[in-house]
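Biologist: I would like to learn how to read a protein model. Could you take me through one, feature by feature?

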Amino acid sequence: MRTGDLRLGLRLSRQAGWNQTESDWLRFMSMEPEGCFVAEFNGCPVGTTATCIFDKIAWIAMVLVDKESRGQGVGTKLLKHSLNYLDGLKIKTVRLDATDLGRPIYEKLGFVPEYELARFEGIAQPCKKEPPGGSLKRSLGMVIPAPSPKPAALRMPPFADMIEFDRQITGTNRAKMLGRLFNEFPRNIRILTDGDKIEGFITMRPGANAVQVGPCTATINAGSALLSDALNRCAGKAVFIDMPTGNVHAVKIGESSGLKIQRRFMRMCRGERIKDNIEAIWAGSGPEKG
Ligand SMILES: CC(C)(COP(=O)(O)OP(=O)(O)OC[C@H]1O[C@@H](n2cnc3c(N)ncnc32)[C@H](O)[C@@H]1OP(=O)(O)O)[C@@H](O)C(=O)NCCC(=O)NCCS
C-alpha cells in the first residue's frame, strides 16, 4: 500500500462504518511502509490490511474487503500475506482485535481468543459525580501540555518514562505509535503524576464518526480520573472508547456516563502470549490496532 492507495483505504473504512481518518491511514503507512498491503481482484483494488511491528510483537489492522468482493477468499489471502511478511521478520507474537466478521478467518489461521473489548459510544456528558478513585486524584498532579490556561501546569515527564510505564502495562514497547500520536495531537495528552512517578496518561484524536478516546494506560488511582477528565473535555461531542470488559472500573465509567456499547471485539493472538494488565488498560487505541 502506498499513499496513492489512500483513497481506497478511506473508501473501505467508511463503507464499513469505521472511524479512521486520512491521518490514521498515513500513520499506519509511516509506521510500516513495507507492511501495509492492497489486495486486487480481477485487477481492481478491493482490500487492505496494515501491520504494525513493535520489536518481536506485531499487530494486524485495517483488514477490509469491499462489500462487492467478499466471500471469495480475498480477506483470507490478505491475512496469509501479512502473516508471511511477519513470519519472514521472525515476529514471535501477532495480535489483533477481531470483529464478528473477521473472527472466523483468524481462527482458521491459528489465532486464539484472549479477551473481549467493548466499544462505548455516545455524546460525552460532563461528569458531575466524583469518579471512583476520584478522591485520590487530589494528591496527583495533572500534566496539561503548554500553552495551558492553568498557570501552574506541571512539566511533561520524559517520553522514555511514559513508554516504560506503558510497556509495563501492555507488555509492548509502543514508542513508535505513541510518539506519533503525541506529536500529531500534542494538546490532547493528559498525564497524572505523583511527584516524579507516572500514574497514567490518556490521549484522543478526531475520527470520521466520533472522537476516539484513548489510548489510556493508568493505575487504578489515576485511570478513572483521566477518563472522566477526557469525557469532560469532549462534552457535547460524539465519542468512541474501546475498553477491555475485564476492567470493571473503566466499564462503570462508560455506563455511568450514559455511553452505550456499540459492538464488541475479541482480542486474539497467534504465537507467544503477551501478558498485559487489563485492569490498567482504560482505553485502547482504536480496535483495529490494539
Ligand atoms: C472480514 C472481511 C475482511 C472478510 O473478507 P472476505 O474477503 O469476505 O473473507 P474471505 O472470503 O476470505 O472469507 C469469508 C468467508 O468466505 C469463505 N470463502 C473463502 N474463499 C471462498 C471462495 N473462493 N468462494 C466462496 N467463499 C469463500 C470463507 O470460508 C469464509 O467463510 P466462513 O465465514 O464460513 O469462514 C470482510 O467481511 C470485511 O471487510 N468486513 C468488514 C470489516 C471487518 O469486519 N474487518 C475485520 C476486522 S477484524
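Modeller: We will go through domains, salt bridges, strands and a helix in turn. Keep in mind that this is a predicted model.

Biologist: Into which domains is the chain divided?

Modeller: The domain assignment gives domain 1 (3-91) and domain 2 (119-283). Their C-alpha centres lie 26 Å apart. The contact takes 19 residues from domain 1 and 23 residues from domain 2.

Biologist: How much area do domain 1 and domain 2 bury between them?

Modeller: Start with the general idea. The size of an interface is often given as the accessible area lost when the parts come together. Here domain 1 and domain 2 bury about 1,600 Å² between them. Of that area, 51% is on carbon and sulfur atoms. On the domain 1 side, Asn19, Arg27 and Phe54 lose the most area to domain 2. Together they make up 38% of what that side buries.

Biologist: How many salt bridges cross the interface of domain 1 and domain 2?

Modeller: The rule finds four across that interface. The structure holds 18 salt bridges.

Biologist: Which residue forms a salt bridge with Arg205?

Modeller: Arg205 pairs with Asp24, and their closest N and O atoms are 2.9 Å apart. This pair links distant parts of the chain. Arg205 sits in strand E8 (residues 197-205), Asp24 in helix H2 (residues 22-31). They are 181 residues apart.

Biologist: Is Arg205 buried or exposed?

Modeller: The cut-off for buried is under 20% relative accessible area. Arg205 has 5%, so Arg205 counts as buried. Asp24 has 3%, so Asp24 counts as buried too. The pair also belongs to a network of salt bridges that links Asp24, Arg27, Glu184 and Arg205.

Biologist: What separates Arg167 and Glu164 in helix H6?

Modeller: First, the general idea. An α-helix has 3.6 residues a turn, so residues three or four places apart point the same way. Arg167 and Glu164 are three residues apart in helix H6 (residues 159-170), so about one helical turn separates them. They form a salt bridge, with the closest N and O atoms 2.8 Å apart. Arg167 is partly exposed at 35% relative accessible area. Glu164 is partly exposed at 30%.

Biologist: Which side chain meets Asp166 in a salt bridge?

Modeller: That of Arg174, at 2.8 Å from N to O. Asp166 is buried, with a relative accessible area of 0%. Arg174 is buried as well, at 8%.

Biologist: Now for strands. How many bridges join strand E5 to E11?

Modeller: Nine bridges join strand E5 (residues 112-123) to E11, and the two run antiparallel. Leu117 stands opposite Phe265 in E11. Strand E4 (residues 93-98) also pairs with strand E11 (residues 260-271) in the antiparallel sense, over six bridges. There, Leu96 has Met268 in E11 as its bridge partner.

Biologist: What span should helix H8 have?

Modeller: Helix H8 (residues 220-233) has 14 residues, so at 1.5 Å a residue it should span 20 Å. The end C-alpha atoms of H8 are 21 Å apart, which agrees.

Biologist: Which residues of H8 are buried?

Modeller: Among them are Ala222, Gly223, Ser224, Leu227 and Leu231. Find them in the structure and look along the helix.

Methods: Residues are numbered from 1 along each chain as its sequence is written. This is a predicted model: local features need pLDDT of at least 70, side-chain atom pairs count only at pLDDT 80 or more; totals for chains, interfaces and linings use all residues. Side-chain values use heavy atoms; hydrogens and water are left out. Helices (H or I, at least four residues) and strands (E, at least two) are DSSP runs, numbered from the N terminus. Buried means under 20% relative accessible area, exposed over 50%, partly exposed in between (1.4 Å probe, protein chains only). Two strands pair if DSSP finds at least two bridges between them. The expected span of a helix is 1.5 Å times one less than its number of residues. Domain bounds come from an automatic or database domain assignment. Contact means heavy atoms within 4.5 Å. Buried area is the accessible area (1.4 Å probe) that two parts lose on being put together, summed over both.
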